[in-house]
Amino acid sequence: MSQPTCRDMQVPVNDVIEVFSRDGHFALKLYNIKSRNLQNVQWEMDLLDRLIQCQVPIARPVSGVNGYLETVQLAEEDRVCALFEWAPGQKPPPSRQTYLLLGAAAAQIHSAADSYTSGFPRERYDLHTLIDDQLQRMQPMLKQTGQWQRIVQLVDRLRSLIVETPLDTGVCHMDLTLDNVHVQDDVMTVFDFDSAGESWRSLEPYGVLRFSESYFQDWLEGYRSIRPFSTENERVVRVFAIIGDIRNVTWKLGIANSSRGVPLMQPDELPAIIDGWLEWERTMITPVDMLDDDALE
């Protein structure tokens, strides 16, 4: 029997190994012990089972002797690991068709997950997790660079816009980018549900909007071909474009639970980043934009 061929994918959060064997093409994931334990990952596996039952195209986990999950010891650490079928196709380039498919994939995941429940623990991405916890982690750096009051005042304004708006909530992928999908023959397969958890569905496409208003409209079209996305949810994506980015910056600074290795950002970059958030607020978020349709009549 020929030996499997393995390649380290150099993924920043978990250790992911691409495996070629006589039995097929797979991805072996060893979860980061700082951010995931056995129960957290079991929540994810149960979610994947639910998505498979609903025929959502995802990279399927492979069951072994003990189910989907095994625990192995590496460098005197117990690591939870899972084997996944390799998603067919390849990472798609940005295009209207790509973002139509991405929006539709998000809607399929949200619809299937509406009825998902689990007895295993998983974080909820509420305002405490998205804002308060991130600022607490960044507080020394923000004070060191003279940005603490600016960011506190900004998030207080953003928080009120979320609290005062009726929004769709439920399980989200939380990292549904082109890095986590493959496309083959116009079928998009989604993988890497490591960040998934309950939150506002308006948070899901914030990165698309930050990248391109045009592609965001394509994402909405794809989503709405499967599932409603209200005008209130659409407006608030602009608010989550900052709130979601706060969590991303915390990770890049190397102070999130899942951060590993050399930080990708230094504290002296924070003033320019917050300048950008304030400019986004000034140009993309205005009080009249956030009012509901009845208030505008």
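Residues are termed buried when their relative accessible area is under 20%, exposed when it is over 50% and partly exposed in between, as computed with a 1.4 Å probe on protein chains only. The structure is a predicted model, in which local features need pLDDT of at least 70 and side-chain atom pairs count only at pLDDT 80 or more, whereas totals for chains, interfaces and linings use all residues. Residues are numbered from 1 along each chain as its sequence is written, and side-chain values use heavy atoms, with hydrogens and water left out.

Helices (H or I, at least four residues) and strands (E, at least two) are DSSP runs numbered from the N terminus. In helix α6 (residues 213–224), the buried residues are Phe216, Asp218, Trp219, Leu220, Gly222 and Tyr223, and the elements that cover them include α2 (96–113), α5 (206–211) and α7 (231–252).

Glu18, placed in strand β2 (residues 15–21), counts as buried because its relative accessibility is 5%. Polar contacts are pairs of N or O atoms within 3.5 Å; within protein, one atom must be able to donate a hydrogen and the other to accept it, and residues adjacent in sequence count only if both atoms are side-chain atoms. The side chain of Glu18 forms such contacts with the side chain of Arg7 at 2.5 Å and with that of His25 at 2.6 Å.

Asp192, in the loop between β8 (187–190) and β9 (197–200), is partly exposed, with a relative accessible area of 22%. Its side chain is joined to that of Lys29 by a polar contact of 3.0 Å.

Technical notes
Contact = heavy atoms within 4.5 Å.
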